[in-house]
Structure formats: C-alpha cells, structure tokens
Amino acid sequence: MKHLSTAIRVPIEPDDPAIVRDEELCIQCGQCARICGERQSVAGHFSLEKNGDVGICIHCGQCINYCPVNSLHERRDVPKVKAAMNTPGKTVFVQTSPSTRVGIGEACGLPVGSFSEGKLVAALKKLGFKYVFDTTFAADLTIMEEAAELAARLADPKNAVLPMFTSCCPAWVKFVELFYPQRLGNLSTSRSPLLMSGPTLKAFYAGKFGIAPASVFNVAVTPCTAKKFEITRSEFNAAGRKIGDPSIRDFDAIITVRELASWLKEDGIDFASLPDTPYDRLLGSGAGVLFANTGGVMEAALRTAHFLLTGKEAPTEFLNLKPVRGMDDIREAVVEIAGRAIRVCAAHTTANARMLLADFESTAEKYDFIEIMSCKGGCIGGGGQPKCDNMKRDKIIAARMAAIYERDAALPVRCSHNNPEIQELYREFYGRPLSETAEELLHTAYTSRADTLNRK
Ligand code: SF4
Ligand code: SF4
Ligand code: SF4
C-alpha cells in the first residue's frame, strides 16, 4: 500500500491536479483526516483496501487550511502563468473570482474583511497582466442560464428533475459523481462562472478584441483549489470544439489567493500602497459578487428567476434574503414567485450535503431548489484563501462575508439580468439563455465516478 490509513492522514495522489503533500514536512498529526472526514465527508467514506489504494478527493483544499505545518498545499501554477506571459504571441487574460477581492487584502496584511478590489486590479497590472477582468461578470452569466433552467424545470414539474441543485462548486459536483451518481440529473447543467467565461472569452471576445482565440491563455485568481481540478475535466474544451481546434482548452491556469499573495511578496509589491484601479471591462452586478458567500448563488438566482417568471423586478426582500444568509448548516426559505411558493435551501460543507442526500426522499419533498457549497461559508472560506487561526475561523469568515454583502448593497446594478454588458453579450452572441449556442458553450453533463470507489 502506498498510502497510510485514512485514520492517520488523507491520501493524496502524486498526480492530483489541485493538492500536493510535502512528505518531509508531514508530522502525521491527523488534522487533515479529521477535517476531510468530519466536515467534507470524504475520508471514511471509501476504503483504500477496496479501491486499489487510490486516494479519493474532491479537491476542496480544506485539509490545507487545517494542516499545521504547511505540508499540504495547492499545486502551484504561477510558473505556468509566468511562462505564458513570456511566450511571444500569447495573450494572457486574467480574471478574479468574487471572494478574492476580500481574501487578497487579508493575505497581504490588511485587516480581515478589507474590501480590496481596486488594489487587486492594480496588483495584477503591476505584475504585467494587460487584460484584467472580473469573474462576477461570468457569475451573472451563470445566473442567467441557471435561473432560466430553474424556471423551465418549475414550469414542468411532472417531467423535470427536481429539486434542482446548484453546480457552480466543482468539489460538490465531484462529490455527487462519486457518492450519489443517481442524483446527477438534479444538478443544474449550467457550468460554473469560470467555465462559462473561458469559452466565451475564447470563442467571442477574443475575436471582438482582434486576438486569435488560439493565442489566448485564460488565468483566474480564485479562492478555490478545486478549480485546478475542474479546468482539467476533458469536456471543458467547448470553445476549441466550436472553432475547430479541440486541443484549445476553455481555461488554462488557476492561481489561488495565497499563490498571488506570495507572488506579490516575491516581486516586492507593496499591496497596501497601491492605488485603486478599475477592471478593464466585463463588470459584474451585486448578484455576481454574492457568489462568494454561502447562500449567495441562491439569492442571486432567485432575483433573476423572479424576473424571468413574472417579467417584473423582484421585490426588495429578494435583495436581502436573510433566511439563506449566515453560517447555519442548512438555511431554508419559501419565496413566492408568480403565485407559486418556491421552497429553497442553502447548505455549506459536503457533510451537510451528505445529510440532505442520504435522506433524499424527505429532501425532495421539502425543496425545489438547493444550493450546496463545499467549503464552510462558501468560497469566502475556500481552500485557496489565506490561512487563519482556526480557533477564530468562523469570526474571520463572518467578517469576510460582511464585506461582500456590503459591496452588493452598494452597487447600482444588483441583478444579473440588468447588467448592461450581459445584455450586450446575449444580443451579440448567445441570443437568449438556453439557446443552441448557450447550450454548446455554457452547459455541460456529468459522469458517475462511483467505480473509482470499488476497483478491486
Ligand atoms: S495535517 Fe498536515 S501534518 Fe497533519 S497529517 Fe495531514 S498532511 Fe500531515
Ligand atoms: S482536498 Fe478536500 S477532499 Fe481532498 S483530501 Fe483535502 S479535505 Fe479531503
Ligand atoms: S465552495 Fe467555492 S472555494 Fe470551496 S470548493 Fe466550492 S467553489 Fe471552490
């Protein structure tokens, strides 16, 4: 057996695309196994004896956050990004996920909860990125497709698979593929924001900017280690398939908030003193920003689902949907749209997800739409965010979340369907949500991985 028992530590495969263990540093303390088992519900739910000694992992990176000696860390992609930036003829697009605008300040020594979007853009420009975009724009795109899909499923309850599950968290998607493949039909087919923006940048915006799609190298700064796995999924070459070169990947590299902070430090960039700088374009709404927080995708989707189902803007309660906010394990709400009561729930951690899935009959009776994020707090507590004192962790996550809600409240556009650049994208390229081109580039399918649990 190459791995130690999962009672001692998590088994990480040498070619894991997201997580690496430095053997020399490991003190076999068991912290990673504890968090992976208790909170992520992965360790303890497979047997190395039965599956041919293969580590099972959803790449959430929570074990990294709890490893006391930094033996566990993300697979570092900064060298790959630097190489692309130095390759003649390559155009590197970088974008930043919703929660990074709070995480990066903390990682660079600012107080917890500092909103640092302008400095983040300035820092990336200083490192040499010419095009800096905002993934909240792509989060709006995800909402357009996901809300349209929800509206379509709700309109046909006899034939549609309900409750619908969100699918923007790649660790959660892999969790379903591994442990509950019979529920794959419940997952929204809408891709995550990054995997919507990747093909859209290569198949549409590159041409608009006068750049050859094959020369584009897409990079994202994320709070998430699972994104490193997600971009390697074989199906994510939609732009390449559309333009006739399937070797072109939708996305090329992911760097975590921690990796970016180290890069800035190495280059001697003083983050705190940087001037606030705006993104180049492709801006997001308040709804897009909410993707950072557990419950945020649900809140954002309901704002647009209301508009799609009634033709009217959502009432003000949808702009501060308190029942799905906060840190409770499972939060529920009932909202009325077009005379129908829609029953929703938001949960964080895959241990809570397992509870919902294990008693699926009762879950299906209670809810129409369920949001799951693998990390506690959602992406704001992701496996690529700055490490913190675990005794203070919940308070720190709450402070980061508050900065995100403040930002949503302060933005002039708070619903994805009202984002003028999203409207322009549909006018010029996609036509409408769930159109043929949208299905081709913005949706996906899932595959059972249950056989990896039992290889012998
Ligand atoms: S938490 Fe870190 S040090 Fe402890 S067993 Fe896991 S990898 Fe080793
Ligand atoms: S990344 Fe997540 S699933 Fe994988 S070993 Fe770590 S805690 Fe477990
Ligand atoms: S909750 Fe967010 S950060 Fe955590 S695995 Fe899912 S997408 Fe990544």
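These are my notebook entries on a predicted protein model with ligands.

**Ground rules**

I number residues from 1 along each chain as its sequence is written, letter chains from A, and number ligands from 1 in the order in which they are written. Since the model is predicted, local features need pLDDT of at least 70 and side-chain atom pairs count only at pLDDT 80 or more, while totals for chains, interfaces and linings use all residues.

**Entry 1: domains**

I began with the division of the chain, using bounds that come from an automatic or database domain assignment. I found domain 1 (19–73), domain 2 (78–137 + 192–281 + 422–440) and domain 3 (143–190 + 284–381 + 404–417). The centres of domain 1 and domain 2, taken over C-alpha atoms, are 28 Å apart. Six residues from domain 1 and four residues from domain 2 make the contact; I call two residues in contact if their C-beta atoms, placed from the backbone, lie within 7 Å. On the domain 1 side I noted four nonpolar, two polar and no charged residues. For these classes, Ala, Val, Leu, Ile, Met, Phe, Trp, Tyr, Cys and Pro count as nonpolar, Asp, Glu, Lys and Arg as charged, and the others, Gly among them, as polar.

Next I looked at who sits around each ligand; a residue is near a molecule if its C-beta atom, placed from the backbone, lies within 6 Å of it.

- Ligand 1 has 13 residues around it, the closest being Arg9, Cys26, Cys29, Cys32 and Cys67. By class I get seven nonpolar, four polar and two charged.
- Ligand 2 has 14 residues around it, and Val10, Cys36, Cys57, Cys60 and Cys63 are the closest. Helices α1 (31–38) and α2 (62–66) each supply at least two residues of this shell. Its classes are ten nonpolar, four polar and no charged.

My helices (H or I, at least four residues) and strands (E, at least two) are DSSP runs, numbered from the N terminus.

**Entry 2: a sheet of four strands**

Which strands form the open sheet, and in what order? I read β5-β10-β9-β8, with mixed pairing; two strands pair if DSSP finds at least two bridges between them. β5 (164–165) and β8 (330–337) are the edge strands with a single partner each, so one side of each has no neighbour in the sheet. As a reminder to myself, strands of a sheet pair through backbone hydrogen bonds, either parallel or antiparallel.

β8 and β9 (residues 340–348) run antiparallel, joined by eight bridges.

**Entry 3: the core**

How many residues are in the largest nonpolar core? There are 133, and Val94, Trp172, Val219 and Ala301 have the most contacts inside it. Helix α6 (residues 135–155) gives the most to this core, with ten residues. A nonpolar core is a set of buried Ala, Val, Leu, Ile, Met, Phe, Trp, Tyr and Cys residues joined through C-beta atoms within 7 Å. Buried asks for 20 or more other C-beta atoms within 10 Å of the residue's own, exposed for 12 or fewer, and partly exposed falls in between; C-beta atoms are placed from the backbone.

Leaving aside neighbours within four places in sequence, I found Trp172 in contact with Thr350, Ala353, Ile372, Met373 and Ser374.

Most residues other than glycine have a negative phi, and most peptide bonds are trans. I spotted a cis peptide bond between Leu162 and Pro163, with omega about -5 degrees; Pro163 is in the loop between α6 and β5. Gln28 has a positive phi near 50 degrees and lies in the loop between β1 (19–21) and α1.

Is Gln28 buried or exposed? Gln28 is exposed, because 11 other C-beta atoms lie within 10 Å. Leu434 also has a positive phi, near 65 degrees, but counts as partly exposed, with 18 C-beta neighbours inside 10 Å.
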